[in-house]
Every structure is written in C-alpha cells, then in structure tokens.
Amino acid sequence: MKLHSKTCCKCKKSFQTKHLKTKYCKDCKVIVRKEAFRKSYLKKKDRMSIDNDYRENYLNKQRERSKKRYLKHKDKKKSYNKKWAKENPEKVKELKRNYRLNNLEKERDRLRKYYNTNKKRILEKRKQKKKEKRLSDPLFKLKENLRSLCLKGIKSRGYKKKSKTQDILGADFETVKKHLESLFYDGMSWNNYGEWQIDHIIPIASATDENHLIGIMNYKNIQPLWKKDNISKGDMMPEHWVTSKQSS
Ligand SMILES: [Zn+2]
C-alpha cells in the first residue's frame, strides 16, 4: 500500500500514513481523541444536570448497552473466571472468606436454602462419614455407643438425661476406654468390638430410683462381655447369672 507524507495539524511534525484523510500523527491522535471524549462527556454531564428526560434516556441506553455487553461476553468471562479460580485457590479462599464476613445474614440464608434443597444428600453423606469414622476410630465408636447406652438406659426407666454422658459415667471417655481394656477377655480387642458388648454388671433394670440408676450408670459398673454372654445375662443380677452359667 502507498504511504502518504503528511504534516500533523497539532504538533506540525511530518509523518507517514496509509490513509489520505489522517490529520494527526500517532501521538497526537490519542490526545485529540481524549480531548474530544472529555468535551462530549462534559457536555453530556451538563445536559444531564438540567434535563431530566435526557438523563433518563441516556441512563436507559447505558443500561441496555451494558446488558448487551454482559450477555455477549458472559460465557467467555465465566470460563475465564473459572480458569483464574483454579490457578489462584488461595485468593479465592480469601475472597470467599471476606464475602462471608461482610454478608453474614445473606450467607445464613444461603446455607439454609442449600440445606433445605439438598437435605437428603447432606444427611446421607453425614451418615456415611459417621459410618466410616466408626470403623476407623474405636474411641469415636465407643463414645457414640456410650452416649446411646446412657440415653436408652435412662429412658427405659422413665427418666430424662439431664447431664452429659461423661458426667453420668463419672469419668472421661479415655478413662472408660482404658477401664474396658483392663477387663478384656482373651481375644477381645477394639478391632472386634461388636463381637463383645458393654454390659452393666448390676443391671439397669434393677434401679429403684433416679439416684440409684445414676450409680448403676457409673463406668466402674460396666464390663466387656462376649455378645452371647451379654444376651444370656440379660437383666439378671450378676450373682444369679454366675450361678446359671455354672449350672449350664
Ligand atoms: Zn502530532
């Protein structure tokens, strides 16, 4: 293509251009455009401050335009954001954290809504996790079983559980665990917990009142028993059970 030699209308320097109509050199073109933009902006602003209809019209057009632009680049932007998030996990974490802190109410609503629509799935997942934890963590399984044992025992006598399991047991779970271990029969271990069970030596059924029951619930009154022995002992007092076992 042919190049034309021209003189810039602003800085008066000569320059080369492909276009015959070009008036300004490259550097001046940027400045002239900026000035023109600023001038039209000021004019617009001036008019907007006095002409309500003009302002309304202008803002509507602006909104329409940005909406169009948004729709046009939506997918592109989405995939870009996704890519960015994947490459900046720490930043994403911080942004999310900040958002949560600044929108506590909204966040609570969002979580509630999410829970309600995904209730079934969430509960199923929780159940699954619990199941896995019971298999891999004997102390967790013991805690859970002691809690339900306590609750069932108290309910079965018509009372309400008013204290924490560890207070009722009279010791923390670790101590109870060690206590049971010290009473293990040959072959008992946390790996086959289930084949042996937790037995109340003085049976819960023999409780005469609430205080008596709490005494029976004390961890010193529990022992590990093989499942079949625990079933055969049932609600028998220990002395009776020993007798029946010896006679059989
Ligand atoms: Zn120039």
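Visitor: Where is the place of Lys12?

Guide: Look at the strands beside it. Helices and strands are DSSP runs, numbered from the N terminus; a helix (H or I) has at least four residues, a strand (E) at least two. Lys12 sits in the loop between strand E1 (4-7) and strand E2 (14-17). Residues are numbered from 1 along each chain as its sequence is written. This is a predicted model, in which local features need pLDDT of at least 70, side-chain atom pairs count only at pLDDT 80 or more, and totals for chains, interfaces and linings use all residues.

Visitor: In which sense do E1 and E2 pair?

Guide: Two strands pair if DSSP finds at least two bridges between them. E1 and E2 pair in the antiparallel sense, over 4 bridges. His4 stands opposite Thr17 in E2. Ser5 has Gln16 of E2 as its bridge partner. As a general idea, side chains in a regular strand alternate between the two faces of the sheet.

Visitor: What phi does Lys12 take in the hairpin of E1 and E2?

Guide: A positive one, near 65 degrees, and the hairpin has 6 residues between the strands. Lys12 is a residue other than glycine.

Visitor: Is Lys12 buried or exposed?

Guide: Count C-beta atoms, which are placed from the backbone. A residue is buried if 20 or more other C-beta atoms lie within 10 Å of its own, exposed if 12 or fewer, and partly exposed in between. Lys12 has 9 other C-beta atoms within 10 Å, so Lys12 is exposed.

Visitor: How many of the 248 residues of the protein count as buried?

Guide: The share is 7%.

Visitor: How many helices and strands are there in the protein?

Guide: The protein has 11 helices and 4 strands. Next, check the overall spread. The radius of gyration is taken over C-alpha atoms, and the globule rule is 2.2 Å times the number of residues to the power 0.38. Here the radius of gyration is 40 Å, well over the 18 Å that the rule gives for 248 residues, so the protein is more spread out than a compact globule. The C-alpha trace spans about 125 × 45 × 30 Å along its principal axes.

Visitor: Which distances show how far apart residues can be?

Guide: Asp51 and Asn230 are 179 residues apart along the chain, and their C-alpha atoms are separated by 91 Å. Gln62 and Leu180 are 118 residues apart along the chain, with 76 Å between their C-alpha atoms. Thr117 and Ser148 are 31 residues apart along the chain, and their separation is 30 Å.

Visitor: What should the 14 residues of helix H3 (residues 89-102) span?

Guide: The expected span of a helix is 1.5 Å times one less than its number of residues. For H3 that gives 20 Å, and its end C-alpha atoms are 20 Å apart, which agrees. Helix H4 (residues 104-117) has 14 residues that should span 20 Å, and its ends agree at 20 Å.

Visitor: What is the count of buried residues among the 14 residues of H3?

Guide: The count is 0, so H3 is hardly covered. H4 is hardly covered too, with a count of 0 among its 14 residues.

Visitor: Which residues make up the largest nonpolar core?

Guide: A nonpolar core is a set of buried Ala, Val, Leu, Ile, Met, Phe, Trp, Tyr and Cys residues joined through C-beta atoms within 7 Å. The largest one has 11 residues, including Leu142, Ile154, Leu169 and Met217. Helix H6 (138-156), helix H7 (165-169), helix H8 (173-182) and helix H9 (210-217) each give two or more residues to this core. H6 gives the most, with 4 residues.

Visitor: What is the mean pLDDT of the protein?

Guide: pLDDT is the predictor's confidence in each residue, from 0 to 100. The mean is 90, and 97% of the residues reach 70 or more. Among the elements, H8 has the highest mean (96) and helix H11 (residues 238-247) the lowest (59). Where pLDDT is low, the predicted coordinates should not be read in detail.
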